[in-house]
Amino acid sequence: MNRQIFPVGIAIAVGLIVLVSQFAPNDIGGFLVAAAAQVAAFAVLLGFFNVLLVHTQRILRRDKNAWSSAVILVTAIVVLVIVLPSGGASDASDWIFRYLYRPLEASFLALVVFFIGTAAYRALRVRTWDTALLVISALVVLVGSMPLINLVSPLIPVFKDWVVQVPAVAGIRGIAIGVALGAIATGLRLLTGIDRPYSE
Amino acid sequence: MPPAPDKKNQPKPDSGKKTAKPQESKMSPAEMPDWLARISDTNPAESTGQPAADNQAPEDGAMPQWLQDLRASAQESAQADATPDSSGVDDLGIPDWLTSTGAQSQVGDETSGGDAAAPEMPQSEYQAQEVNPEEQAELQPESGEMPDWIRAMSPGNVSPTDISQKPGMVDESDTEGMPDWMQRLKPPDSPPAAPATASESNDVDWEAALRAENEARLAEARQHNAEFLAELESSQKAAELEATLETAPESELEQAALAEEVPEEGTAMPDWVRELMPPAGIQGRQGAGSPIDESDRKDLPDWLREAVPGGSPLGGPTLPGPASEGESGLQVPAWMSELRPVADGRPDAASRMEEVTEGAGPLAGVRGVLPASPIVTQPHMLAAAAAVPGSGARIFESVLAARQEVTAPVGVAQKRGLLSARHWIYLAILFAALIPVLVLQGDNAGLGVIAQNTPLTDERSTAGFFAKLKALSTDSTVLMAFDYEPGQSMEMDPAAHAIVGYLSAHNVNAIAVSTTPAGPRMAQDILASGTAANPNWKQGQNYVNAGLIPGQEKGLNGLSRQWLNSTQSDFEGNLLSQSSLASRVKGFNDLALVIVLAGSDEALRPWMQQVQPNVRTPFVGAVSAAVDLISQNDVGATQLAATMPGLAGTAEFELLSGQPALAAHLADAQSFVQLAVFAIIVIANLGVLLDLLRKRRTAAAE
């Protein structure tokens with residue numbers, strides 16, 4: 001118990017100072033927020049070294065997928081060596097980003113449309129009245145979002161906008177209110193020391 | 001009238017043929033037969049373990065059938081050959097050997113039927129026991145010739161232990177005053193009592209004395225038990241019981257542990273002791289009596305060491321095993337007998353798995369709970385995890401046991417041809433995306449792209465977004481947030497290009513920031529495209545790429561309060577203080593508009609929560625189609641003045657701004673893919689409908 005008094009006291013004090021700074025801005029609150037950002041930046045660095053360590057161990061253990069770990073290690077080291085000296089503004093780093101990183105990620109994301117198609121085929125089937133409402137709403141928003149439908153009927157986009165801005169927003173706000181209440185409760189638990197994620 | 005004699009067992013008259021063994025008639029202590037020698041054994045602890053039978057003296061007129069038959073046969077034989085020495089039967093019809101036995105008076109009466117191990121002599125043997133009058137006279141023992149062991153049985157020489165452990169010495173009449181548990185200590189299947197003899201009347205005196213002495217001994221034993229139980233009752237907890245047992249004198253513990261003194265359940269046992277006993281519904285503890293370590297045995301009292309396997313170093317009272325239990329007739333309670341050690345000292349695996357299961361109380365259904373009373377002698381054993389009955393567990397089990405409708409994978413259930421339904425879906429989407437590229441070219445691009453100025457979306461959608469940019473004055477400054485990932489660039493880059501193109505064309509300054517690591521790189525490319533379209537729109541003068549804002553929510557919160565640090569470098573490493581644009585803008589109040597290009601809700605949310613509430617600058621959003629739905633919540637809350645959703649919104653913006661239709665081609669492809677997905681959904685539901693109709697027809701036909 002005594003070991004937790006010190007971290008709990010620090011956490012409560014920092015939380016209260018930042019909370020007060022939201023209503024009465026002060027330098028201490030701004031310093032603490034900036035310090036948190038610096039710590040987060042160090043966390044990225046720590047994560048990078050952790051990736052190196054984990055995959056090095058896999059290679060040394062000669063795991064089944066050790067070759068993929070080797071690819072990751074080589075890629076990380078090469079990119080680091082190329083980008084780090086120039087700060088990310090060199091031509092080499094620009095080439096890597098423009099012709100490797102962005103196309104790969106865009107292609108990976110483009111595959112989602114095929115999964116969406118199969119998922120719609122399997123899931124959006126009318127079996128009950130509830131699913132009927134779900135399927136009809138999905139079809140209305142899907143059709144109303146494509147410009148091509150304006151050639152058929154301009155009323156469909158209007159109906160789509162109503163679905164999006166009235167019933168959908170009502171549901172979203174209900175969820176948002178619930179999330180906000182949960183965040184308030186979580187904050188209070190942290191400020192009162194009930195939850196101590198920093199010491200566990 | 002006596003029943004007809006059994007021919008088979010009827011004694012056959014034998015004239016002059018003496019098959020009896022005279023040496024047995026003249027019994028001396030040394031020549032005593034084994035069965036009689038057992039009777040003489042007054043120390044049951046040293047006996048062979050053969051149980052002692054009751055000495056139930058027959059009542060008057062309750063002569064056994066075999067004796068009546070014997071009498072009848074004797075009379076018949078007497079009438080047949082009129083030989084007095086050959087009849088062996090006196091006037092009363094009692095055989096001579098019985099008379100001689102009765103002459104042995106004190107002991108003979110009690111020992112004739114007192115030993116269960118005494119051989120059941122058939123009537124043929126009785127018939128053979130014919131002795132001469134001389135020998136019969138020798139069988140009359142004098143008081144001085146009485147053996148020592150018989151004299152030891154006389155009143156005053158019997159120890160209380162002998163009384164209590166030799167139930168045969170207690171007459172039936174005496175048992176009326178005994179408690180039930182003591183009456184049950186008698187052997188249930190004892191052999192029939194020996195016939196009463198004529199000497200019974202002579203034994204009244206010493207029997208009365210012996211009976212009185214027994215009563216006194218028994219009363220003393222009961223008093224002793226009552227004191228001991230009262231002492232146990234004073235301790236209300238099992239732990240105190242254990243301490244009491246360990247500190248009690250050994251003599252008391254030995255007497256308390258004697259089987260004869262174990263009280264029957266529900267009689268002399270206090271209520272709290274009965275509560276400690278396992279309930280009737282509890283399963284048997286096959287695992288009880290498992291061996292314990294020798295070190296643990298040392299900590300136990302002597303009498304408890306006998307309850308666990310591993311020998312009896314002190315020779316204390318040993319609980320009888322199953323075989324000896326039946327022979328001795330000691331009715332040890334079941335819960336006590338379960339404490340006895342197993343044969344090899346170790347329970348088998350099956351018994352280890354079948355431990356006690358609580359039948360009531362808060363631990364109902366829990367297996368492996370040790371009762372409080374025998375816990376002092378039983379080492380705890382680990383049991384297999386048992387399911388605790390509970391409502392939650394039952395619900396979970398019912399869910400698991402319920403038959404679930406398994407949705408067959410598309411490629412497996414409908415794989416009838418070369419291509420499955422999944423493959424057809426992939427092909428349909430692919431061809432839908434290629435149709436605009438192959439068919440629609442040039443001015444045909446952007447089918448149906450118009451400014452959707454509906455009553456609901458006039459001020460909130462693309463038209464409102466364009467109106468906000470159109471309201472910007474020349475040389476005003478906007479803040480652009482490039483918060484999307486490179487994977488979303490196919491959707492978001494056209495929007496960014498359209499916005500930057502409009503800003504550069506109208507000479508509106510822009511400061512770019514990003515909260516994602518890849519954002520500054522993408523922002524730099526797009527801002528550079530504005531310079532390529534309008535060479536007068538220059539870096540440092542008309543636009544600045546301030547780079548990454550680290551810390552996500554924390555960084556944006558600091559940005560809203562403290563703006564950019566002048567010592568911070570832009571994307572190309574130049575200090576912001578060296579930029580004329582950055583030097584002019586000191587905070588959000590110097591900004592005319594904030595444009596957030598958000599590819600996800602996680603990117604838009606920090607701006608709405610950490611920045612917008614702290615500034616007065618209007619916000620607009622160029623969001624992906626996936627974020628459009630969620631962003632309507634911010635639009636409705638007036639945090640966002642308007643949104644430009646997805647490729648369709650960008651195409652509309654291009655149409656409104658008169659720029660080249662870069663997004664229109666992509667919007668056409670997107671429209672056809674959406675149409676294909678719409679067709680897939682409709683076809684799937686048609687299949688469901690047809691299947692339902694077919695089932696109904698089948699049901700109607702049946």
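Predicted model: local features only at pLDDT ≥ 70, side-chain atom pairs only at ≥ 80, totals over all residues.
Chain B has 702 residues, and 45% of them count as buried. Looking at contacts in chain B with a separation of 6 or more, 73% come from residues 24 or more positions apart.

**Around B:Ser583**

- B:Ser583 sits in helix H28 of chain B, which covers residues 580-584.
- Once residues up to four places away in sequence are set aside, B:Ser583 touches B:Leu576 and B:Ser577.
- B:Ser566 is 17 residues from B:Ser583 in sequence, and their C-alpha atoms are 8.0 Å apart in space.

**How the strands of chain B line up**

- Strand S1 (residues 477-483) runs parallel to S2(B), with 5 bridges between them.
- B:Thr477 is placed opposite B:Asn509 of S2(B).
- To get from S1(B) to S2(B) the chain passes through H25(B), in a right-handed β-α-β crossover.
- On to the next pair: S2(B) and strand S3 (residues 543-548) of chain B are parallel and joined by 5 bridges.
- B:Ser514 has B:Leu548 as its bridge partner in S3(B).
- The unit made by S2(B), H26(B) and S3(B) is β-α-β and right-handed.
- S1(B) also pairs with S4(B), again parallel, over 6 bridges.
- Opposite B:Met480 you'll find B:Ile595 of S4(B).
- S4(B) in turn is joined by 5 bridges to strand S5 (residues 619-623) of chain B, in the parallel sense.
- In that pairing, B:Val594 has B:Phe619 of S5(B) as its bridge partner.
- Helix H29 (residues 601-611) of chain B goes with S4(B) and S5(B) to form a right-handed β-α-β unit.

- S2(B) is largely enclosed by the rest of the structure, because 6 of its 6 residues are buried.
- From S2(B), B:Asn509, B:Ile511 and B:Val513 point one way, while B:Ala510, B:Ala512 and B:Ser514 point the other, and all are buried.
- Strand S4 (residues 593-598) of chain B is mostly covered too, with 6 of its 6 residues buried.
- On one side of S4(B) the buried residues are B:Leu593, B:Ile595 and B:Leu597, and on the other they are B:Val594, B:Val596 and B:Ala598.

**Nonpolar cores**

- The largest nonpolar core has 35 residues, and the members touching the most others are B:Phe465, B:Leu469, B:Val478, B:Met480, B:Ile499, B:Ile595 and B:Leu597.
- At least two residues of this core come from each of H24 (462-470), S1, H25 (489-505), S2 (509-514), H26 (519-533), S4 and S5 of chain B.
- The biggest giver to this core is H25(B), with 8 residues.
- Skipping neighbours within four places in sequence, B:Ile499 contacts B:Phe465, B:Leu469, B:Met480, B:Ile595, B:Leu597, B:Ala622, B:Met644 and B:Phe653.
- There's also a second, separate core of 31 residues, and B:Ala481, B:Leu581, B:Val585 and B:Val635 are among them.

**Over in chain A: helix H7**

- H7(A) takes in residues 155-191, 37 residues in total, and spans 52 Å from its first C-alpha to its last, close to the 54 Å expected at 1.5 Å a residue.
- There is a bend of about 40° in H7(A) at A:Val169.
- After H7(A) comes A:Gly193, with a positive phi near 80°.

Methods. Residues numbered from 1 in each chain as written. Chains lettered and ligands numbered in written order. Heavy atoms only, no water. Buried < 20%, exposed > 50% of the residue type's maximum accessible area, 1.4 Å probe, protein only. Helix = DSSP H or I, 4+ residues; strand = E, 2+ residues; numbered from the N terminus. Pairing = 2+ DSSP bridges. Right-handed = clockwise from strand over helix to strand, strands pointing away. Expected span 1.5 Å × (residues − 1). Bend = angle between axes of the 7 residues up to and from the residue. Core = buried A, V, L, I, M, F, W, Y, C linked by side-chain atoms within 4.5 Å. Contact = heavy atoms within 4.5 Å.
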